Amino acid sequence: MSDDTRLLEQADDYVSSLDGYFTITTDEDGIYLAVYSPQGEGQPVKVSQITELLRERGIDKVENALLVRVVKEALGTPIKVAEKLVETEPVIQVLVSRDRMEATLQVDMPKGCRPVTIDEIMDKVKQTGIVYGIDSAAIEAARTRPGSMVVCAKGLPPVNGVNAGITYFVDLENKGRPVELDDGRVDFKSLNMFTVVQKDELLAEKVPATQGTAGIDVLGNEVAAKPGKDLLLPTGKNVYAVEGLKVYAAQAGQIVITNKKITVIPLIEVKGDVDLSTGNIEFVGSVIVKGSVQTGFTVKAEGNVEIAGNVSGGIVEGKNVAVRMGIQGMNKGYIKASENVVAKYIENATVLAGKDVIVSDVVLHSKVSAGKRVIVDERRGLIVGGQISAGEEIKAKTIGTYSATNTDIEVGVNPALREEYQTLRKEIKKLEFDLEQAQKALHILRAMNQSTMAPDKHEMLLKLTKAQFHLIGQTETMRNRLSEIEIALEEMRYGHIKVADTVHPGVKLVIGTLVKPVRDATKFANFYAEDGEIKTGSYK
């Protein structure tokens with residue numbers, strides 16, 4: 001058999017069994033279907049094949065009977081089976097935030113929608129007025145992920161100005177506290193009682209407020225920055241300002257800051273004793289006594305008091321009180337400091353301090369109360385007799401004696417704070433009642449016709465409005481102070497009594513509401529409250 005003959009036979013085999021097929025075309029006036037019949041034993045076209053393809057193309061309004069007829073006839077002639085689809089348009093939404101600092105984009109592609117281009121989206125973005133901070137990558141993401149919302153543009157936020165501030169060139173933090181050495185001991189020769197400045201010394205400088213830097217919103221508009229708030233120079237008495245920025249001392253003296261103002265005040269210096277030759281002393285600044293305070297005399301200062309000798313039955317009050325020798329109360333006078341008391345010894349005296357009482361030798365048969373600590377750990381470091389109380393810690397070498405002298409040691413209590421706490425609660429309750437009454441009256445007045453309201457009612461409305469804001473501010477201030485006291489009282493629950501050598505029988509230990517009489521001599525102990533009882537740990 002020749003190659004040509006073999007080729008013809010193979011070709012005849014190929015065409016003797018061909019499946020039917022169909023075409024779908026789109027013309028100006030509709031959708032056309034042409035069905036071709038099979039050859040030989042080939043399979044005819046099925047209606048389901050046609051409907052599936054039409055559905056994929058978004059064409060579902062076709063008469064089934066028409067399709068059946070066209071398939072059955074299989075004439076290969078295009079027959080109109082549906083109207084031409086009208087392509088839907090993509091939906092591009094661009095939204096600008098209320099502050100115009102951000103814009104979002106969403107591209108929706110309905111069924112049968114034509115493709116959308118980047119240029120079309122960009123045109124829509126620009127038509128919205130967006131000209132700044134456009135994110136090309138975000139726009140491409142919105143195009144490729146229809147239905148998702150993306151941030152397509154961001155403005156440049158303004159940088160607000162910095163408030164003015166005051167830089168101080170004097171150390172006010174460690175005033176009134178003795179210098180602590182590296183080993184933890186206290187140097188009683190360096191008391192840091194006063195912050196003394198010299199004439200023309202620079203005390204403080206104002207750092208001016210800044211205006212800030214403007215931003216730009218997505219529409220290209222400038223967004224103004226808030227300028228920083230200015231401050232008045234803290235100039236008090238005996239100081240002067242240069243260029244409205246720097247504050248200098250007009251004379252030598254002690255620097256104090258009251259009501260956020262810097263004042264330089266001279267020191268009162270008593271060359272000898274406070275006695276008949278001087279009389280009682282009361283001063284708004286600080287006082288230095290080179291001698292002693294004799295029985296029955298008084299030194300009261302709003303600043304610090306430093307006494308080189310003794311206090312013998314006198315009264316001394318100040319911010320910080322330092323007695324280089326000691327305090328012999330004679331059960332008459334007292335020492336009171338809003339911050340710290342420092343002395344060599346205390347005997348038969350009453351000493352009250354808002355913060356610390358620091359004694360270098362002994363405390364004998366005295367009543368000592370400190371808001372934070374009582375420290376008696378130099379030289380003998382002895383506490384015997386009387387009542388010693390502190391908010392946070394009492395530390396000594398030895399407490400009590402072999403003869404079981406009654407000595408009360410109490411931590412975790414600050415009577416002044418508790419009294420202030422109770423007073424504040426009562427005052428807040430009264431203020432809240434006053435505020436409620438003022439608001440009720442305001443509600444009544446505001447409900448009246450303002451145009452026909454009597455003049456006295458107008459005046460009452462103004463007074464009550466001012467009073468309302470005053471009461472709100474006053475109440476808020478008191479509540480803040482109440483919170484501070486609550487935190488301080490909570491911290492006091494964890495008070496400690498530390499004994500570096502021995503605590504003897506006859507001593508009663510109190511921590512908060514817990515009481516522990518000492519039955520046996522205990523050495524190197526740290527007493528603390530835990531799980532409802534006073535426990536003993538090692539001295540640290």
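Reply: Happy to! A crossing is left-handed if the near helix is turned anticlockwise from the far one by less than a right angle, and right-handed if clockwise. Here the crossing of α4 and α5 is right-handed. Before we go on, note that this is a predicted model: local features need pLDDT of at least 70, side-chain atom pairs count only at pLDDT 80 or more, and totals for chains, interfaces and linings use all residues. Residues are numbered from 1 along each chain as its sequence is written, and side-chain values use heavy atoms, with hydrogens and water left out.

Me: How many helices and strands does the protein chain have?

Reply: Helices (H or I, at least four residues) and strands (E, at least two) are DSSP runs, numbered from the N terminus. The protein chain has seven helices and 42 strands.

Me: At what angle do α4 and α5 pack?

Reply: Axes are lines fitted to C-alpha atoms, for helices over the stretch in contact, and angles run from 0 to 180 degrees between N-to-C directions. Helix α4 (residues 118-127) and helix α5 (residues 136-144) pack at about 120°, their axes 10 Å apart. Angles under 35 degrees count as roughly parallel, over 145 as roughly antiparallel, 65 to 115 as roughly perpendicular and the rest as oblique. The two helices α4 and α5 are therefore oblique to each other.

Me: Which residues of α4 and α5 meet?

Reply: Contact means heavy atoms within 4.5 Å. From α4 come Ile118, Ile121, Met122 and Val125, and from α5 come Ile139, Glu140 and Arg143. For classes, Ala, Val, Leu, Ile, Met, Phe, Trp, Tyr, Cys and Pro count as nonpolar, Asp, Glu, Lys and Arg as charged, and the others, Gly among them, as polar. By that scheme, the contact of α4 with α5 has five nonpolar, no polar and two charged residues.

Me: And how do α2 and α3 pack?

Reply: Helix α2 (residues 47-56) packs on helix α3 (residues 64-73) at an angle of about 125°, with axes 10 Å apart. That makes α2 oblique to α3. The crossing of α2 past α3 is right-handed. Val47, Ile50, Thr51 and Leu54 of α2 make the contact with Asn64, Leu67, Val68 and Val71 of α3. By class, this α2 contact with α3 has six nonpolar, two polar and no charged residues.

Me: Which residues touch the most other members of the largest nonpolar core?

Reply: A nonpolar core is a set of buried Ala, Val, Leu, Ile, Met, Phe, Trp, Tyr and Cys residues joined through side-chain atoms within 4.5 Å. Buried means under 20% relative accessible area, exposed over 50%, partly exposed in between (1.4 Å probe, protein chains only). Of the 50 residues in the largest core, Ile346 and Val357 touch the most other members. Strand β33 (residues 356-370) gives the most to this core, with five residues. A second, separate core of 17 residues includes Ala103, Val116, Ala142 and Ala153.

Me: What is phi of Asn238 near?

Reply: Most residues other than glycine have a negative phi. Phi of Asn238 is near 65°, a positive value in a residue other than glycine. Asn238 lies in the loop between β17 (222-223) and β18 (239-242), and Asn238 is partly exposed, with a relative accessible area of 30%. Met330 also has a positive phi, of about 55°, although it is not a glycine.
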